[in-house]
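Let us walk through this model together, from the whole chain down to single residues. Keep the structure open in your viewer as you read.

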Amino acid sequence: MSQSYFPAYRPLRPTPESIEDITPLATPARDGDVADLEVTKEKVDDVQQYQEHRDRLTTAIDATSSILTDLREFNKTSWVVRYPHLKPSLSQRPGIHPNSRRTLSFADDPATSTEVVFTPPTQGRLRRTLTAAAPSTDVEAGTEVPSATNTASAQESEGLVSKSDNEFHVLRLDLKLGPHGTTTSGPTLVSQLEKSSIASLLSERIATSLTHLSKLRARVQDVSSKVLVTGDLNAGKSTFVNALLRREVMPVDQQPCTTMFCEVHDAADNDGVEEAHVVKEGCTYSPTDETTFTRHTLTELEEIVSESDAQRILKLYVKDPRNPQSSLLNNGTVNISLIDAPGLNRDSLKTTALFARQEEIDVVVFVVSAENHFTLSAKEFLWNASNEKAYLFIVVNRFDQIRDKARCKRLVLDQIRQLSPRTWEDAADLVHFVDSASVVEKGEVPESFQNLEHSLRSFVLQKREKSKLLPAITFLNKILSDLDLLTSANGLVATAELKQAQDDLARARPVLEKMLAGREELDEALAAVEDGMSGEAGEKTKQRLEKALEMVGTGKSAMPEIISMPSFPGMLQLWQYTRDVKKALLLSIDEAVKAAENDARGLAVEGVAKVGTLGDAHLPVGVERSKRIFKPEAMFVVRPGHKRRSSLNTVVVGGAYGLGIGLAAQPHAVDVELRDIIDMRHYLMRFALVGSSEEGKSLSLEDSDISTSAISMLSVGVGAVTMVGGKTLGARGLLEGLVRIGDLFGNASTRKWAAPIAGALALGLTLYFVYELPNTIPRTVGRHIKTILSTTGPAAGQASASSPEQMAFAPAHAHRIGKETRKVMRLAAWDLRERFRQTVDERAAEVKSWEEVERIAQRAVEWFEECGRRAEEVRQKAGFTGPIDAPVLAQ
Ligand SMILES: Nc1nc2c(ncn2[C@@H]2O[C@H](COP(=O)(O)OP(=O)(O)OP(=O)(O)O)[C@@H](O)[C@H]2O)c(=O)[nH]1
């Protein structure tokens with residue numbers, strides 16, 4: 001059985017208080033007849049109920065528009081809204097009805113899916129929601145998800161759940177595009193798009209829906225309603241319209257006369273002036289634009305209608321003498337206009353059918369003569385119109401002319417059953433047998449006509465609800481349901497993102513905090529390694545080289561295990577021997593420098609390892625360590641292009657041994673001079689020091705060799721004397737002899753024999769030198785070398801020997817080697833500092849970005865929850881009930 005307007009729309013009985021407020025009908029009413037009063041109240045209730053529904057719906061449209069606008073803005077500024085796909089889940093879980101389980105994926109990432117539980121709308125809760133499916137272990141353990149248990153099938157059987165509950169109704173993104181007009185299925189194409197592209201498509205869809213909602217709102221708010229009165233030629237359409245108006249407005253003739261569409265409006269729509277506006281051909285009528293019509297008085301109407309042979313539109317503004325409670329035209333709520341159409345024939349049939357199909361035609365009243373029944377044109381029109389409008393209002397006119405009224409009714413209703421079955425089902429309300437002429441001619445309104453008027457009024461208002469409100473209700477319900485799906489799915493995504501961000505932050509924050517707290521400690525530790533290693537390298541070098549010089553100063557190899565001293569080859573090769581000695585001593589110093597550099601390499605290796613350990617302690621796990629490989633052999637190598645210093649007592653002499661430019665490799669350094677063999681200046685200086693001046697004392701302290709040298713030099717002379725005498729004296733005897741010789745020189749008597757003695761002494765000394773030379777040469781040469789290498793540079797006399805050029809050999813090398821070691825340490829430390837800084841920056845950026853994700857996701861979770869609540873509230877306030885596809889408003 002099809003749905004009827006009337007049974008579902010029985011208004012509530014008014015309360016006794018409200019009854020008193022109702023103005024009685026202007027139509028004749030029998031005094032004391034309660035039934036009439038009931039009719040009046042019903043009419044008022046019709047209007048009130050319509051108004052109430054309209055207002056509720058307008059509020060719901062506004063609230064939904066507001067949600068959609070917010071969603072669009074949120075999608076644009078705060079969250080890229082994802083477009084979900086729901087599929088029935090294949091997995092069967094105990095305790096969960098298979099209908100409740102769904103597989104959720106998103107258009108931008110169709111390969112990834114999640115199991116969710118779908119909760120369908122229930123009685124009193126029209127929202128469809130998705131919740132994350134409990135882990136399978138819980139489900140298997142018997143934990144049920146209460147919101148979804150077995151409800152889907154129950155709701156399906158109640159008809160609340162649409163079969164399309166997995167889908168979008170209004171916000172569906174289906175694109176039909178493809179090369180050369182080929183079509184690609186919507187979901188396939190959508191899934192090829194980026195997340196942001198899908199979001200912008202969705203945004204466009206929302207914008208379209210908003211436009212549609214505003215149109216629906218305008219339609220809901222539109223207070224005009226058009227009733228098209230049509231029927232066979234001469235069936236009495238104009239008479240019927242006049243009867244409704246209780247005035248003879250439309251021209252009535254025995255002959256077919258109406259060729260125009262006469263729209264009758266309340267004169268209130270024309271500033272209360274009764275007028276006829278003939279719409280000019282090809283113009284769109286506007287009552288405020290004089291160029292679109294010609295103005296006439298109502299008295300000219302008959303003439304206009306009879307003279308017009310074209311199907312023109314005529315607008316009539318007439319005053320309805322009745323009050324709003326009883327007047328159809330002037331009902332106080334809806335601006336009803338009655339359209340008297342030309343009688344149906346072959347010429348007018350098509351035009352009238354087109355007219356009837358217009359959206360603004362809410363009701364079609366078909367007038368048929370009781371005498372003639374339905375002509376072929378009438379049947380054709382009714383058949384088409386009933387497909388279009390489903391319900392038609394049929395006035396069987398001239399019923400007063402019929403003798404066998406029952407038979408007539410039966411025959412007419414039989415025909416209606418075939419032409420418009422739904423109209424036939426509600427025939428009591430939709431089919432009326434009346435005599436319109438008597439209402440106008442005699443001023444009597446028979447009961448049959450009163451019933452007709454009541455039914456028509458209800459039908460217009462209810463039809464209006466169907467035609468104007470229902471599309472809005474359906475659309476609203478569908479879009480709200482789409483919002484459920486969208487907000488539920490996006491809420492799940494936001495919750496997952498929030499959890500991910502929180503987990504990531506829980507991992508990253510402590511790491512970052514630990515790094516920041518350890519930054520100063522690392523800096524200090526690195527500085528300590530740098531200072532410690534370079535300082536130690538310098539100090540070790542200094543000690544080693546000073547010791548080496550000490551050795552060389554005494555004529556011994558500084559590195560005896562590597563460099564041995566040459567043996568004396570005889571007086572004839574004295575010069576070569578001296579040269580070999582010098583070379584050996586210099587070589588031994590070079591070797592000492594090498595050894596010092598090797599010491600520093602060892603320290604650098606140790607320092608680099610310490611830096612590595614610090615890196616392990618301060619860098620988080622997983623951070624790549626330095627890829628730099630330290631090559632100790634690369635230390636102290638003068639790289640091509642670097643300038644060498646060439647002064648003998650400067651750093652490079654020793655330091656550049658890698659290039660073969662050590663002390664021993666310098667030709668002028670091994671050149672032998674006479675003083676390398678006999679250092680007269682040295683001996684004389686020693687003699688001078690015997691007088692023991694203060695300076696001499698201080699100088700003698702500096703040179704530990706002085707006393708022994710002086711003693712040995714003097715011993716030479718004494719030795720010569722004793723050799724002459726054939727007797728060799730010991731050192732003590734030699735000293736004593738020396739004193740005695742001095743005394744002899746002071747005595748004049750002894751001067752006579754002193755000369756031969758002195759000659760002998762000189763000879764002795766000479767011989768002594770010859771015999772002692774193999775021993776004294778290494779010492780002399782070593783002393784010279786030591787003296788040169790211990791002397792500071794040209795600026796030594798100034799405040800401090802700060803530059804290597806100004807330093808003595810050992811400190812200069814200590815400085816150089818310390819500096820080179822520091823360079824290595826600094827590089828390793830810089831590398832770690834840089835890696836540490838980068839890691840801190842990266843971690844800080846990560847934490848910041850996760851905090852941002854957390855903030856956005858948190859907001860999205862709350863926003864989507866709120867959005868879902870708002871949609872639910874809209875439905876509750878609007879009083880939507882019924883399934884998504886066919887909702888109704890609660891009474
Ligand atoms: N007895 C009787 N005569 C009626 C009734 N209704 C209309 N008539 C008469 O029928 C004739 C035609 O009436 P109209 O109202 O002009 O008919 P119409 O359908 O508007 O005519 P066209 O527009 O020309 O098709 C008039 O003479 C009316 O008086 C009625 O209910 N009873």
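The paragraphs below go from the overall picture to helix packing, then to the sheets, and end with a few individual residues.

A word on what you are looking at: this is a predicted model, in which local features need pLDDT of at least 70, side-chain atom pairs count only at pLDDT 80 or more, and totals for chains, interfaces and linings use all residues. Residues are numbered from 1 along each chain as its sequence is written.

Start with the whole protein chain. It holds 24 helices and 15 strands, where helices (H or I, at least four residues) and strands (E, at least two) are DSSP runs numbered from the N terminus. Of its 891 residues, 38% count as buried. Here a residue is buried if 20 or more other C-beta atoms lie within 10 Å of its own, exposed if 12 or fewer, and partly exposed in between, with C-beta atoms placed from the backbone.

Now turn to helix α15, which covers residues 447-553. Two packed helices are described by the angle between their axes and the distance between the axes. In this model, axes are lines fitted to C-alpha atoms, for helices over the stretch in contact, and angles run from 0 to 180 degrees between N-to-C directions. With helix α16 (residues 574-618), the axes come within 9 Å and cross at roughly 170°. The pair α15 and α16 is therefore roughly antiparallel; angles under 35 degrees count as roughly parallel, over 145 as roughly antiparallel, 65 to 115 as roughly perpendicular and the rest as oblique. The crossing of α15 and α16 is right-handed, a label used when the near helix is turned clockwise from the far one by less than a right angle, left-handed being the anticlockwise case. Sorted by class, the contact of α15 with α16 has 21 nonpolar, five polar and six charged residues. In this sorting, Ala, Val, Leu, Ile, Met, Phe, Trp, Tyr, Cys and Pro are nonpolar, Asp, Glu, Lys and Arg are charged, and the others, Gly among them, are polar.

What is the angle between α15 and helix α24? Helix α24 (residues 809-878) packs against α15 at about 170°, with the axes 6 Å apart. That angle makes α15 roughly antiparallel to α24. The contact of α15 with α24 has 39 nonpolar, 17 polar and 17 charged residues.

Helix α15 also leads us to a sheet: α15 lies across β1, β2, β3 and β4, running at about 15° to β4. These four strands form an open sheet in the order β1-β2-β3-β4, with antiparallel pairing, where two strands pair if DSSP finds at least two bridges between them. β1 (84-88) and β4 (129-132) stand at the edges with a single partner strand each, so one side of each has no neighbour in the sheet. On average, neighbouring strands of this sheet are turned by 45° against each other, direction ignored. Inside the sheet, six bridges join β2 (residues 101-106) to β3 (residues 109-119), and L104 has T114 in β3 as its bridge partner.

Elsewhere, look for strand β11 (residues 361-369), where eight of the nine residues are buried. Strand β5 (residues 224-231) pairs with β11 in the parallel sense over six bridges, with L228 opposite V364 in β11. β11 also pairs with strand β12 (residues 393-397), again in the parallel sense, over five bridges. There S369 stands opposite N397 in β12.

Finally, zoom in on helix α7 (residues 237-245). Is α7 mostly covered or mostly open? It is mostly covered, with nine of its nine residues buried. One of these residues is V241, which counts as buried because 27 C-beta neighbours lie inside 10 Å. Leaving aside neighbours within four places in sequence, V241 is in contact with V229, M250, V264, L338 and D340. V241 and V440 are 199 residues apart in sequence, yet 9.8 Å apart in space, C-alpha to C-alpha.

α7 is followed by R246, whose phi is positive, near 60°, although R246 is not a glycine. R246 lies in the loop between α7 and β6 (261-266) and counts as partly exposed, with 18 C-beta neighbours inside 10 Å. R398, in the loop between β12 and α11 (405-419), also has a positive phi near 60°. R398 is buried, with 21 other C-beta atoms within 10 Å.

Technical notes: Contact = placed C-beta atoms within 7 Å.
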